[in-house]
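Work through the exercises below with the sequence and the model side by side. Try each task before reading its solution.

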Protein chains: 2
Amino acid sequence: MKFDDSKNKQNLQELLDTRDFVPHISVDCVIFGFHKGIMKVLLLKYHDLDLCSLPGGFVFNDEDLHDAAVRVLYERTHLSNIFLKQFQAFGDRNRTENNAHRVLLASKHIEVPKDHWTFQRFITVGYCSLIDFSLVGSFPNTIIEECKWFEVNDLPKMAFDHEEIIKQGLEFIRRNIDTQIVASSLLPEKFTMKELQTVYEIVLGEKFRRNNFQRKILALNSLERLEKLFDGSANKAPYLYKFADKKLNDI
Amino acid sequence: MKFDDSKNKQNLQELLDTRDFVPHISVDCVIFGFHKGIMKVLLLKYHDLDLCSLPGGFVFNDEDLHDAAVRVLYERTHLSNIFLKQFQAFGDRNRTENNAHRVLLASKHIEVPKDHWTFQRFITVGYCSLIDFSLVGSFPNTIIEECKWFEVNDLPKMAFDHEEIIKQGLEFIRRNIDTQIVASSLLPEKFTMKELQTVYEIVLGEKFRRNNFQRKILALNSLERLEKLFDGSANKAPYLYKFADKKLNDI
């Protein structure tokens, strides 16, 4: 049993009535967007409520955890074919005490029992990605929520512990910047050292001196130097690089 | 309600009868041991069964996920005060189909209903650590299991997907070798480049040339050079190093 993105109250009610989910487990996706020097994060903004949440959802009984993250992201944002990487499970006992579901359902006059499963304790598994947001088309907009980019440095009020999840997702991206997870979605297959440096500076939020950056990056032995970029003035043409062969999952 | 390590069938039966755990969630600890060039992993070996498992267990309703990992590790191994780091959640739908609990309980003639909660689907959260096994005292030995070190390269038959969890835990340690998680438990506060190289070689399972190693490590900017190690022959004394100030949780 699979749900399309719930366009109306009827669909939401059906979702709430189902028993096909693994209790107490959810997935949340932290999708960072990157373009021209700005980092953003993709959030659901609830209509009529001063509250945002990550695109998240539940795991079907017959579904692998990772597949649930892919499906939930698609249902809520229509994003597909992006590289989703699990980064952390969040399981503090009181993490869902500030229960956003309750507020949301009340605001929509949807009634569910007080002991409904969505109000129980949840342990959520965070998945993240970093994509070029200029390449993304339009998002679904339902009666419940709209899907929007927000600046990472200026987050709105977040449901549950989602602000902490975003913070840890960003730390994960930064720690793994030397692996392909970061650059592979943002750079062409062949890139110049300057292009790579720009990605590093924006993701890490700091500036580097050109020579220092080049020396440190090359010491990692993760790049392969290719031909020069031909631009007509061969003498000053920069070299092109690509990542040395590693599997994308090797992080 | 807390359990001591269950020394007898009575205690195990009580644990099975409880309703105080969060359903469908478990924690598993991958404790790597390191001493004189050998990497080992700490496992529970079931008596009379050709089967081992990671020290793992369940999460109390009123307990944070991380606290559950610390408690479970202590109950099953008596290890405490070690740095446990969450590395991955495992949630394939069929990961507990080869149900070791069922085999174990049958072998001990302990009867539980076929739909007992321990036979349901579990998503487990993996925590790992790396410690000097020469510093560890004796382990508890119950009627159900004994706790022993096994060589990482020669694992016994493992329950569930625990072999995969160990593999991913080892990958996590290797990816994070440049952070303090690895070295802080294995090296004194001040160490020589040679001592550090030995840790790297054993954990990564490969040899490095001395000059190459030193160049790469220093390029990471994570070390601080201190005074020379005074050993009477000052000229050839090696420098001591320590890790530059970073929080242990910054990985």
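This is a predicted model: local features need pLDDT of at least 70, side-chain atom pairs count only at pLDDT 80 or more; totals for chains, interfaces and linings use all residues.

**Exercise 1. The interface in numbers**

How many residues of chain B are in contact with chain A, and how many of chain A with chain B?

Step 1. Count the contacts. On the side of chain B there are 27 residues, and they meet 27 residues of chain A.

Step 2. Take the area. The two chains bury about 2200 Å² between them. Carbon and sulfur atoms carry 54% of it.

Step 3. Look for the main contributors in chain B. B:Asp64, B:Arg93 and B:Arg121 lose the most area to chain A. Together they make up 21% of what that side buries.

**Exercise 2. Polar links and composition**

*Solution.* 

Step 1. Search for salt bridges. The rule finds two across the interface of chain B and chain A. One of them joins A:Asp64 to B:Arg93. The closest N and O atoms of A:Asp64 and B:Arg93 are 3.0 Å apart, which is inside the 4 Å limit for a salt bridge.

Step 2. Between chain B and chain A, 14 residue pairs qualify, with both residues at pLDDT 80 or more.

Step 3. Assign the elements. In chain B, those giving two or more residues to the side that touches chain A are β1 (21-35), β4 (56-60), β5 (85-90), β6 (123-132) and α7 (210-219). Of these, β1(B) gives the most, with four residues.

Step 4. Sort by residue class. The side of chain B that touches chain A has 12 nonpolar, six polar and nine charged residues.

**Exercise 3. A sheet in chain B**

In what order do the three strands of the open sheet in chain B stand? Trace the pairing residue by residue.

*Solution.* 

Step 1. Set the order. The strands run β8-β10-β9 in chain B, and the pairing is antiparallel. The edge strands β8 and β9 of chain B each pair on one side only.

Step 2. Follow the first pairing. Strand β8 (residues 191-192) of chain B is antiparallel to β10(B), with two bridges. B:Phe191 faces B:Tyr241 across this pairing. B:Thr192 has B:Leu240 as its bridge partner.

Step 3. Follow the second pairing. Strand β9 (residues 223-228) of chain B is joined to β10(B) by four bridges, again antiparallel. Here B:Glu224 stands opposite B:Lys242.

Step 4. Check the cover of strand β10 (residues 239-243) of chain B. Four of its five residues are buried.

**Exercise 4. The sheet in chain A**

*Solution.* 

Step 1. Take the overview. Chain A holds seven helices and 10 strands. Of its 251 residues, 53% are buried. Among contacts in chain A with a separation of 6 or more, 72% link residues 24 or more positions apart.

Step 2. Read the sheet. Three strands of chain A form an open, antiparallel sheet in the order β8-β10-β9.

Step 3. Find the edges. β8 (191-192) and β9 (223-228) of chain A each have a single partner strand, so one side of each lacks a neighbour in the sheet.

Step 4. Confirm one pairing. Two bridges connect β8(A) to strand β10 (residues 239-243) of chain A, in the antiparallel sense.

**Exercise 5. A residue in a helix**

Where does B:Val203 lie, and what is its relative accessible area?

*Solution.* 

Step 1. Locate it. B:Val203 belongs to helix α6 (residues 193-204) of chain B.

Step 2. B:Val203 has a relative accessible area of 0%, so B:Val203 counts as buried.

Step 3. Take one distance. B:Val203 and B:Tyr239 are 36 residues apart along the chain, and their C-alpha atoms are separated by 23 Å.

Definitions and conventions
Residues are numbered from 1 along each chain as its sequence is written. Chains are lettered from A and ligands numbered from 1 in the order in which they are written. Side-chain values use heavy atoms; hydrogens and water are left out. Contact means heavy atoms within 4.5 Å. Buried area is the accessible area (1.4 Å probe) that two parts lose on being put together, summed over both. A salt bridge is a side-chain nitrogen of Lys or Arg within 4 Å of a carboxyl oxygen of Asp or Glu. A polar contact is a pair of N or O atoms within 3.5 Å; within protein, one must be able to donate a hydrogen and the other to accept it, and residues adjacent in sequence count only if both atoms are side-chain atoms. Ala, Val, Leu, Ile, Met, Phe, Trp, Tyr, Cys and Pro count as nonpolar, Asp, Glu, Lys and Arg as charged, and the others, Gly among them, as polar. Buried means under 20% relative accessible area, exposed over 50%, partly exposed in between (1.4 Å probe, protein chains only). Two strands pair if DSSP finds at least two bridges between them.
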